[in-house]
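Visitor: I like to know the cut-offs behind the words. Could you walk me through this model, definitions included?

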Amino acid sequence: MPMNRPVATVLAAALCLLTAACGSSSDGKAGDATAEEAASKSGYPVTLDNCGQKETFDKAPGRVVVMNGASVAEVSTLLALDLGDRIVANQQTYGNSEVPGRAEAIKKLPDGGVKQNDAFDVPRETMIGLRPDLVLSTTAYGFDEKNGFATRDQLKAVGAHSYVSPQGCDQDTAGMTIADSYQLLRDMGKVFNVGDKAEELIAASEKKIAAVADKVKGEKKPKVMVLFSNMSMGGNDFSSVVAKGIYNDILAEAGGANAFENASEGSFADLSKEKVAATDVDALVVIGYNDPDPAAYAEKLLKEFPQWPAARNSTYVTLSDSMYLGPSNDLAVEEIAKMLHPDAL
């Protein structure tokens, strides 16, 4: 704070002391009212009930750590809200993005010099040393002590808030929808007092998705296989095939349906090559997670399963962050709808 305040400020302060008329009265009510008005104008305090834990913010965070979580939801949300300057350590990246300039902007963010632990995220001691005032994690996994991470209680003890993104409390994202992307935007809008910006982004996304959904309404819903390129999550040949989650909501808005929705109760199915070969696939959505050439992976799959309608028509699209929790789901809806229903769009 400057040592020499403007003369007008000093005089005003002195006048308040002399008249006792600035924010005080004999019964204290005027002072209380002034405090409430100031809080209302500032937008604080803000309290979020997050995974059963209340987090109360008295001001906007200024030292944010974004944990990995194999996601870009949180870092993309902060960037969409023009809050990149609040990040002191970011561990999230997909390597590419449907949003122009987004991948480059993420790459330029500080990583805090973090050396990730065996669980591929920020170790407890490193986290505490970063002196965060807010830590964002895609799921509760990022605050599990068994994984070598700082718990939410340990972070609170050093003055840091913590936040688990929507549907991440029990680490099961099978029920995630586009609405959860909007909830993440709204929550961060409240925390950083940029709620108007968050609502603008949500309204624009809703309008765009509604327009696409209206154009493909009544069209036949092709069966789509959604999977991550060159990624293994299980023991079978196809262990990164999407079964449930936000992906299905995006497909539905784009006029499609998941060919493997019933293959698993969780978000992903671990499938044999025989199971994949026996399923009619009309189109492919390949998600590139730090893969520089997901299109090559898509082409390889189409050659491997020439019996698919998708292979006969070379029907596929490659996407990245817009297919996941985050502020850009409208882009995925539009691109998939163009692939599935080119005449309608």
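Guide: Here is a short tour in questions and answers. This is a predicted model, in which local features need pLDDT of at least 70 and side-chain atom pairs count only at pLDDT 80 or more, while totals for chains, interfaces and linings use all residues. Residues are numbered from 1 along each chain as its sequence is written, and side-chain values use heavy atoms, with hydrogens and water left out.

Visitor: Why is lysine 115 called exposed?

Guide: Exposed means over 50% relative accessible area, buried under 20%, and partly exposed in between (1.4 Å probe, protein chains only). Lysine 115 has 72% relative accessibility, so it counts as exposed. Lysine 115 is found in the loop between helix H4 (102-108) and helix H5 (124-129); helices (H or I, at least four residues) and strands (E, at least two) are DSSP runs, numbered from the N terminus.

Visitor: What is the strand order of the open sheet, and why are some strands at its edges?

Guide: The four strands run E4-E3-E5-E6, with parallel pairing. Strand E4 (87-90) and strand E6 (161-164) each have a single partner strand, so one side of each is left without a neighbour in the sheet. Within the sheet, strand E3 (residues 64-66) and strand E5 (residues 134-137) pair over three bridges. Valine 64 has leucine 134 in E5 as its bridge partner.

Visitor: How do you know that there is a cavity, and which residues line it?

Guide: On a 1 Å grid over the protein atoms alone, a cavity is a set of points where a 1.4 Å probe fits but cannot get out; lining residues have an atom within 4 Å of a point. Grid points are joined across faces, edges and corners, and the volume is the space filled by probe spheres set on the points. A search of the whole structure finds one cavity of 30 Å³ or more, and the volume of the largest cavity is about 30 Å³. Its lining includes Val72, Arg102, Asp321 and Tyr324.

Definitions and conventions: 1 Å grid on protein atoms, 1.4 Å probe; cavity = no way out; pocket = protein on both sides within 12 Å on 5 of 7 lines; lining within 4 Å. Pairing = 2+ DSSP bridges.
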